[in-house]
Amino acid sequence: MTTNNQTIEAQIQAKGKTAARVTPADIEANIASEHYFTALDGVEGATGSWNGSDSYALGLITICVLVARNGTRLIGVNEGPVSVQNFDADMGRRMAREKAIDQLWPMLGYELRTKLAGL
């Protein structure tokens, strides 16, 4: 869970909000698996090898694929830093994961709203 989500969750709980809602724990519980690779990994996997002049640039792009419990695939991409010197693989994975998770929130919200509507 990101620090921002932790902060928001703490604020919601502090205010005693108890109505049905999607929580960060719901998000995590709905992730069956997660996978990370760089664009360079993808190109090398597709072509068998790659030694093009843009290899360094492709290596800065981090991709996260989350597979939800129901099989839905969510893809988050972190395009990487402007300066190669600022690249941090862990940060790239975290940011790509956040972008994938951003897609899961509305899906779980829709699912919960459907249940609350009795449909």
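A salt bridge here is a side-chain nitrogen of Lys or Arg within 4 Å of a carboxyl oxygen of Asp or Glu. I wrote that down before anything else. Also noted: this is a predicted model.

**Entry 1: salt bridges**

I looked up how many salt bridges there are, and the structure holds four. I started with E34 and R97, whose closest N and O atoms are 3.1 Å apart.

Is R97 buried or exposed? I found R97 buried, at a relative accessible area of 15%; the label applies because buried means under 20%. E34 has 33% relative accessibility, so I put it down as partly exposed. I also saw that E34 and R97 belong to a network of salt bridges that takes in E28.

**Entry 2: a loop and a helix**

Next I checked E79, which forms a salt bridge with K99, with 3.2 Å between the closest N and O atoms. E79 is in the loop between β3 (73-78) and α5, while K99 is in helix α5, so this pair ties together parts that are 20 residues apart in sequence. K99 came out as partly exposed, with a relative accessible area of 34%.

**Entry 3**

Where do D90 and R93 lie? Both are in helix α5, three residues apart, which is about one turn of the helix.

A reminder to myself: side chains of opposite charge can pair when their charged atoms come close.

**Entry 4: the sheet**

Then I moved on to the strands. I found an open sheet of three, in the order β1-β2-β3, with antiparallel pairing. The edges are β1 and β3; each has a single partner strand, so one side of each has no neighbour in the sheet. On average, neighbouring strands of the sheet are turned by 15° against each other, direction ignored.

I zoomed in on β2 (residues 62-68), which pairs with β3 in the antiparallel sense over six bridges. Which residue in β3 is the bridge partner of V65? I traced it to I75.

**Entry 5: helices on the sheet**

Helix α3 (residues 39-47) packs on the sheet and touches β1 and β2, its direction making about 85° with that of β1. Helix α5 lies across β1, β2 and β3, and runs at about 140° to β3.

Note on methods:
Residues are numbered from 1 along each chain as its sequence is written. This is a predicted model: local features need pLDDT of at least 70, side-chain atom pairs count only at pLDDT 80 or more; totals for chains, interfaces and linings use all residues. Side-chain values use heavy atoms; hydrogens and water are left out. Buried means under 20% relative accessible area, exposed over 50%, partly exposed in between (1.4 Å probe, protein chains only). Helices (H or I, at least four residues) and strands (E, at least two) are DSSP runs, numbered from the N terminus. Two strands pair if DSSP finds at least two bridges between them. Axes are lines fitted to C-alpha atoms, for helices over the stretch in contact, and angles run from 0 to 180 degrees between N-to-C directions. Contact means heavy atoms within 4.5 Å.
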